[in-house]
Amino acid sequence: MPIPALPAAVPLSWYLILSAVLFALGVAGFLFRKNIITVFMSIELMLNAVNLSFVAFAYQFKQVDGHIYAFFVMVVAAAEAAVGLGIILTVFKNRSTLHIDEVSTLKN
Amino acid sequence: MPPIDPILFFIFAGIAVLSAISLVVQKHPISSALSLVGVMGALAVLYLLLGAEFIAAAQLIVYAGAIMVLFIFTIMLLNAGSEHGRSRSRVARYLGIPLFMAFIGLMSYLIQSRLPATKGVVFGGFTQAGGLEIGRSLFTHYLLPFEVTSLLILIAILGAVVLARKEI
């Protein structure tokens, strides 16, 4: 077959590169999107990418602590989603816009 | 017989990356939210490959279940339409994708060159992370952070209730 032979085990670096790619995509979405909800979803994507790194290192060191940290990140993300979406609701109620450039009271 | 671990990794890593790209480029928030569900499902399978059953289940229940329902509920409640295309800066339009690729390439090179050679990840290579071990660690070594977490969630609930009230 012309394709190179696959290794029997996945190298740890592939997981870390996947995590870096997902994190960079999250940063790109955070910077370029204009909808508050989509920006918020990009933050969730970044948190997920970091979780993947935690779990991959937990496998590498054969310790359960990485899983605990991933669990805490999930809990904090859940709390953050509840509060953040409440803030988005309030912003929309007061200004009836979700465009991120139109919410600029603190700018001036 | 080709090895199954890299094949599964490539399938689900591909799903994760394609869904993440779709999250960034879709115009409508609902499409982005469904792409995020795809990312989270693919990451749950990768967690299973890494021997993290508890985290995989929590990922599906907490992220793909609770948090995404919250997002989609908010999108539908606010009737969020597609973004009206406001032109972004010319620097971002022409340099964004090349700089992104350069950053990915740099990160891959650094990770590949600096990480010491290890044995690699096979399914079943790390089985000491079931619910028993996580529970034991959570309730002995990490008991204080766990209890503080409950306080954090209580404050978050109060904050969400206050923010979502009628008059504010």
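Chain A of this predicted model has an average pLDDT of 88, and 96% of its residues score at least 70. Here pLDDT is the predictor's confidence in each residue, on a scale from 0 to 100. Within chain A, helix α2 (residues 36-61) has the highest confidence, at 93, while helix α3 (residues 65-95) has the lowest, at a mean of 90. Helices are DSSP runs of H or I with at least four residues, numbered from the N terminus. Local features need pLDDT of at least 70 and side-chain atom pairs count only at pLDDT 80 or more, whereas totals for chains, interfaces and linings use all residues. Residues are numbered from 1 along each chain as its sequence is written, and chains are lettered from A in the order in which they are written.

Turning to the interface, 73 residues of chain B are in contact with 59 residues of chain A, where contact requires that the C-beta atoms of two residues, placed from the backbone, lie within 7 Å. Helix α3(B) supplies the largest share of chain B's side, twelve residues. The elements of chain B giving two or more residues to this side also include α1 (4-25) and α6 (143-163). By class, the side of chain B that touches chain A has 56 nonpolar, eleven polar and six charged residues. Nonpolar means Ala, Val, Leu, Ile, Met, Phe, Trp, Tyr, Cys and Pro; charged means Asp, Glu, Lys and Arg; the others, Gly among them, are polar.

Chain B itself is divided into domain 1 (4-129) and domain 2 (130-168), with bounds from an automatic or database domain assignment. Their C-alpha centres lie 25 Å apart, and four residues of domain 1 are in contact with four residues of domain 2.
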